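Here are my comments on this model, as numbered points. Have the structure open while you go through them.

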Amino acid sequence: MYQVKDNDVEKYTDLQSTNTSCEEINIQKNKGLNYENCSNCKINCSLQKNKEELAVKFTKRAIEDVKSGKKQKINAIWLEISGCFGEVISLLDAKDPDVLYLLKEFVNLNYFGSICGDSGEIAFERILQTLNTDYVFIICGAVPLKDNGLYTTIATYKGRKITAMEGVKTIAQNAKYIITVGTCASYGGPTAARPNLSEAVSVKEFLKRDDVILIPGCPANPVWTMGILGYLTSYGVPELDSDGRPKAYYGHTIHDNCSRRRFFDAGIFAKKFGDEECMFKLGCQGPMTYAYCPISRWNGTENWPIRDNTNCIGCAGPKFPDGNEPFVRYGGV
Ligand code: SF4
């Protein structure tokens, strides 16, 4: 194990939450880091359990409200523009609820480019027909501006190419809510990374609006996306931070809730990937990254990057990826 000897850690101590991630951290600290008995923040920690309930609470409430007729299913348009398709893969892997539940019971997803049964002009008309209703506009990907947006088109309609610029502007105009899913849509992300040949920008920057709800992450976890859709259905706009991110999912850093936090607090760091200690010295950006990954985890499993021995690379942050490089520091120095 690598024992830290410099004050590298101290500059981040002010970022630590007073709300420690797991009561077991303190138990283990009191035991002198006899962490072998620790359940690794999985099942037995009551705080962890409460947060898990929070993650699915919004969705379950919305499902009940729709079923009982208390709330109407909300119409939705899910548009993918310039990105990598990761948000869709992430959504298709959703477990609680899964994507079929989303489509059948939860929202009227009138248009979803990747899994829409229709194609071409008929598919585009599904967007047009939704514009006169109450709908939520969900967007993945950044908006390329170069050459008046010609680098990404979403349809050819009546012989005319509809650019992402035009599509986003048109659909956003009457939307009841606008949600950006993923870091590209939320902050520009990899699509807007150097050298950014298409001059892509985030949706919020493009629309110049303050009411956009951001769900960043590369990709965003479907639990967060479904949770926000659920909250919108039952209650309306959730409490947001100054960027527009829901505090429920972005109110704490990865570091606040990390299962390796007890090592960080004790100044014990991994020397190489695969070691079980804190990966701060290997470049972990958990202390600077606000996201819910340690709680919601992924695909209905217990796994998430840090549990899989990969440090946080800050993919949900506003500067990802250019501002987060290098992603790793080999050798633990
Ligand atoms: S692995 Fe990263 S997020 Fe976890 S305690 Fe260490 S620095 Fe914090």
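**Notes on the model**

1. The chain has 14 helices and 11 strands; both are DSSP runs numbered from the N terminus, with helices being H or I over at least four residues and strands being E over at least two. This is a predicted model, where local features need pLDDT of at least 70, side-chain atom pairs count only at pLDDT 80 or more, and totals for chains, interfaces and linings use all residues. Residues are numbered from 1 along each chain as its sequence is written.

2. On confidence: pLDDT is the predictor's own score for each residue, from 0 to 100. The chain averages 84, and 82% of the residues score at least 70. Watch residues 1-47, though, where pLDDT stays under 50. The model has 59 contacts beyond four places in sequence for that stretch, a contact being two residues with C-beta atoms, placed from the backbone, within 7 Å. Where pLDDT is low, the predicted coordinates should not be read in detail.

3. On the overall fold: of the contacts between residues at least 6 apart in sequence, 74% join residues at least 24 apart. Buried residues account for 46% of the 333 in the chain. Buried is taken as 20 or more other C-beta atoms within 10 Å of the residue's own, exposed as 12 or fewer, and partly exposed as in between, again with C-beta atoms placed from the backbone.

4. Now the open sheet. Its 5 strands are ordered E3-E2-E4-E8-E10, with parallel pairing; two strands pair if DSSP finds at least two bridges between them. E3 (107-112) and E10 (212-215) are the edge strands, each pairing on one side only. Neighbouring strands are turned by 25 degrees against each other on average, ignoring direction. Helix H11 (residues 222-234) lies across E2 (74-80), E3, E4, E8 and E10, and runs at about 150 degrees to E10. Axes here are lines fitted to C-alpha atoms, for helices over the stretch in contact, and angles run from 0 to 180 degrees between N-to-C directions.

5. Take a closer look at E4 (residues 135-140). E4 runs parallel to E2, joined by 6 bridges, and pairs with E8 (residues 177-181) over 5 bridges. Cys 140 stands opposite Glu 80 and also opposite Val 181 in E8, while Phe 137 has Ile 178 as its bridge partner in E8. How many of E4's residues are buried? The count is 6 of 6. In a regular strand the side chains alternate between the two faces of the sheet. In E4, Tyr 135, Phe 137 and Ile 139 point one way, and Val 136, Ile 138 and Cys 140 the other.

6. There is also a hairpin. E6 (residues 153-157) and E7 (residues 160-163) run antiparallel, joined by 4 bridges; Thr 156 has Lys 161 as its bridge partner. The hairpin leaves 2 residues between the strands, and Lys 158 in the turn has a positive phi of about 50 degrees.

7. Asp 98 sits in the loop between H4 (86-92) and H5 (99-106). Why does Asp 98 count as partly exposed? Because 15 other C-beta atoms lie within 10 Å. Asp 98 is 9.5 Å from Val 223, C-alpha to C-alpha, although the two are 125 residues apart in sequence.

8. Last, the ligand. Which of the 14 residues around the ligand come nearest? They are Cys 258, Cys 278, Phe 280, Cys 284 and Gly 286, where a residue is near a molecule if its C-beta atom, placed from the backbone, lies within 6 Å of it.
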